[in-house]
Amino acid sequence: MAEHSGLDITCSNKYCHSSSSSSSSEHDKKIFSKITRSLSREYPRKSAEILSGQYGTNVLLIGAALMLAVAHRGPTVEEEHLLSFLTCLMMLQLIWMLWYILVRDRQKNSRTEKDVHATTCWIRGGLTLLALLSLIMDAFRIGYYVGYQSCVSAVLGVYPVIHATHTVAQVHFLWFHIKDVIKSFETFERFGVIHAVFTNLLLWCNGVMSEAEHFLNNHKRRLSALGYKNLTIVHSEPQCNCTTSTCSMFSSSLYYLYPFNIEYHIFVSAMLFVMWKNIGRTIDISSHRKRLATRSHGLTLGPILGLLALASTIGILVVYITHVEKSLQMRQSAISMFYIYGIILLVFMCSASTSGLLIYRVDHMPPDTSKNPSRQLDTELLFGSSIGSWLMSWCSVVAVLGTNSSPPHRWTNLVYSLLIVLEKYIQNLFIVESLYRQQEDGEREDSELPAAPEIFSVTSSLAPPYNGIINRAYETPDRTCATMESEQEGSGQVFRCPRKPSEVPLPVGHKAVEHLSTKRQILKNIAVFMLMCNISLWILPAFGCRPQYDNGLEQETFGFSIWTTVLNFAIPLSLFYRMHSVASLFEVFRRV
């Protein structure tokens with residue numbers, strides 16, 4: 001009996017050991033299966049990111065190599081080769097966009113996730129305006145080719161036609177598909193989107209190079225008129241007569257449209273980069289807040305001062321361009337006038353940004369830490385594009401302090417350069433803090449917009465005392481309706497239950513929401529003023545007011561070739577910084 005009992009105990013222990021071993025084995029298999037699924041899901045995505053990023057980088061480097069060869073004006077690589085390469089890139093992007101639109105049209109019955117933070121209607125509207133100006137530039141290029149078609153390559157005629165088609169198709173893509181979060185054909189789509197990003201970057205570089213060459217030739221002509229020798233001026237006119245009377249008009253008008261074309265391509269590349277980052281991303285629906293309304297109540301001082309700065313800028317631009325080509329004395333007077341005006345404008349901008357930061361410091365609102373690729377890219381572009389102006393400013397400081405000559409604009413140049421550095425420091429901080437600042441409850445919902453019917457429910461713990469009109473229909477949610485909704489969504493269809501109103505009493509005679517608080521009025525006026533000042537500081541260098549070429553101090557210190565290289569790198573970044581600041585400040589204005 002004892003042995004039998006012992007045998008039973010032994011068998012029971014063996015059984016228990018076998019059971020625990022099998023459960024442990026199943027647990028290990030589950031862990032291994034989970035790791036395998038995770039690796040199979042993540043590694044192809046990371047590989048596609050790396051491969052597509054390397055592809056885009058090499059496309060950019062090939063284009064940069066061609067541009068450097070064309071800039072050298074050697075006999076082996078000519079402008080036609082560069083334009084042929086760019087034309088091929090645009091045609092490939094057109095094929096990809098057409099394929100993408102056709103695939104999405106076939107999948108129109110299935111829901112496509114959207115990133116509501118990717119862009120806004122006003123940004124796309126601004127890009128559409130820039131695209132229209134780019135189309136006018138393409139028309140001028142076609143007219144220029146028609147006049148000289150007997151002695152120029154056919155590429156000069158094909159390129160503007162393809163560029164115009166590319167612009168129209170890309171604007172359509174921006175309006176209807178830029179917010180898409182791609183979940184199908186992810187690897188192929190990554191290559192398509194990154195190809196579009198770097199195609200636009202190369203078109204931006206090409207525009208920058210053409211504009212820089214134009215300003216450099218004008219600078220050399222002015223130096224030759226002042227007695228400088230050994231300066232080679234590049235003549236790019238064809239070696240034949242124009243068959244129409246409008247060739248010179250087309251040629252000279254192109255350079256007034258280049259700034260708009262340049263800004264168009266760099267902004268489009270930034271938006272497409274956000275789309276590339278969103279591929280395969282899981283969107284947090286809870287982060288989708290109601291859209292912001294642009295309210296203009298209480299705007300007085302900001303727009304008035306901004307319009308005054310804008311009008312003064314146009315006057316300064318006209319006077320500078322007309323006087324810098326004349327005698328040395330008038331040239332120095334124009335340069336001094338520019339620096340004095342810039343100092344006054346920058347002082348006001350520093351004061352406005354500092355005031356906005358002080359208001360934020362008083363509020364003590366926590367930062368918004370939610371994931372937002374578009375906002376992160378905005379911040380990185382602000383800091384990255386600031387490098388251009390900072391480089392020019394510190395070179396000017398070194399030149400002013402190290403030179404032995406004393407022109408009238410020496411010390412104003414120093415003050416202006418230091419203020420440029422300070423103003424971008426403060427403005428960047430103001431914009432970033434505004435974009436990353438959590439909105440107050442009163443700022444999240446705008447009384448001018450009707451509440452979306454599917455947005456929220458309010459629990460009884462949040463309801464205020466019964467001192468208004470109350471609808472009690474939301475006390476017991478309809479579970480059957482919720483079940484139908486989840487089942488319909490699981491099958492790919494869209495179903496929405498009718499939402500019942502919340503138990504929040506409707507305010508009667510409450511007028512506090514009709515007026516912005518004093519704090520918000522001040523912030524809105526600051527944002528509008530800063531926006532128009534940045535437009536002013538973009539207009540001046542974009543249309544020919546570039547004293548860095550004309551004051552002579554930096555050229556004396558660094559030499560002609562080194563200083564022009566610095567300017568060719570820094571001025572495009574500075575122009576992009578100002579236009580990007582305009583977009584960011586308008587977003588700040590809408591968020592306040």
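Trainee: How many aromatic pairs does a search of the whole structure find?
Mentor: The search finds 23 aromatic pairs. Rings of Phe, Tyr and Trp (its six-membered ring) pair if their centres lie within 6.5 Å. Planes under 30 degrees apart count as stacked, over 60 as edge-to-face, and the rest as tilted. One of the pairs is Phe260 with Phe543.

Trainee: What makes the pair of Phe260 and Phe543 tilted?
Mentor: Their centres are 5.8 Å apart, and the angle between the planes is 55°. The distance passes the limit for a pair, and the angle is neither stacked nor edge-to-face, so the pair is tilted.

Trainee: Why does this pair tie together parts of the chain that are apart in sequence?
Mentor: Phe260 lies in helix H6 (residues 247-278), while Phe543 lies in the loop between helix H13 (518-542) and helix H14 (547-550), so the parts are 283 residues apart in sequence. Helices (H or I, at least four residues) and strands (E, at least two) are DSSP runs, numbered from the N terminus. Both Phe260 and Phe543 are buried. Elsewhere, ring pairs link Tyr320, Phe338, Tyr339 and Tyr416 into a cluster.

Trainee: Before going on, what kind of model is this?
Mentor: It is a predicted model: local features need pLDDT of at least 70, side-chain atom pairs count only at pLDDT 80 or more, and totals for chains, interfaces and linings use all residues. Residues are numbered from 1 along each chain as its sequence is written, and side-chain values use heavy atoms, with hydrogens and water left out.

Trainee: What pLDDT does the chain average?
Mentor: The average is 79, and 75% of the residues score at least 70. pLDDT is the predictor's confidence in each residue, from 0 to 100. Residues 1-19 fall below 50, and beyond near neighbours in sequence this stretch has zero contacts in the model. Residues 287-291 also stay under 50. For that stretch the model has 15 contacts beyond four places in sequence. Contact means heavy atoms within 4.5 Å.

Trainee: How do you know that Cys151 and Cys240 form a disulfide?
Mentor: Their sulfur atoms are 1.7 Å apart. A disulfide is a pair of cysteine sulfur atoms within 2.5 Å, so this pair qualifies. The torsion about the S-S bond is -45°, and the link is left-handed. Cys151 lies in the loop between helix H3 (121-148) and helix H4 (155-177), and Cys240 in the loop between helix H5 (186-225) and H6, so the pair ties together parts 89 residues apart in sequence.

Trainee: Which other cysteines form a disulfide?
Mentor: Cys242 and Cys247 do, with sulfur atoms 1.7 Å apart. The torsion about their S-S bond is about 60°, so this disulfide is right-handed. By the rule, the count comes to two disulfides.

Trainee: Why is Cys247 called buried and Cys242 partly exposed?
Mentor: Buried means under 20% relative accessible area, exposed over 50%, and partly exposed in between (1.4 Å probe, protein chains only). Cys247 is at 3%, so it counts as buried. Cys242 is at 23%, so it is partly exposed. Cys151 is at 34% and counts as partly exposed. Cys240 is at 22% and counts as partly exposed.

Trainee: What makes Ser386 buried?
Mentor: Its relative accessibility is 0%, so Ser386 counts as buried. Ser386 is found in helix H9 (residues 373-402). Leaving aside neighbours within four places in sequence, Ser386 is in contact with Lys424, Asn428 and Tyr577.

Trainee: How do you know that Arg546 lies over the face of Phe215?
Mentor: Arg546 is at 3.8 Å from the ring centre of Phe215. A charge sits over a ring if NZ of Lys or CZ of Arg is within 6 Å of the ring centre and within 35 degrees of the ring normal. The charged end of Arg190 sits over the ring of Trp276, 5.9 Å from its centre.

Trainee: What span is expected of helix H8 (residues 328-363)?
Mentor: The expected span is 52 Å; H8 reaches 53 Å from its first C-alpha to its last, close to that value. The expectation is 1.5 Å times one less than the number of residues, and H8 has 36 residues. Just after H8, His364 takes a positive phi of about 60°.
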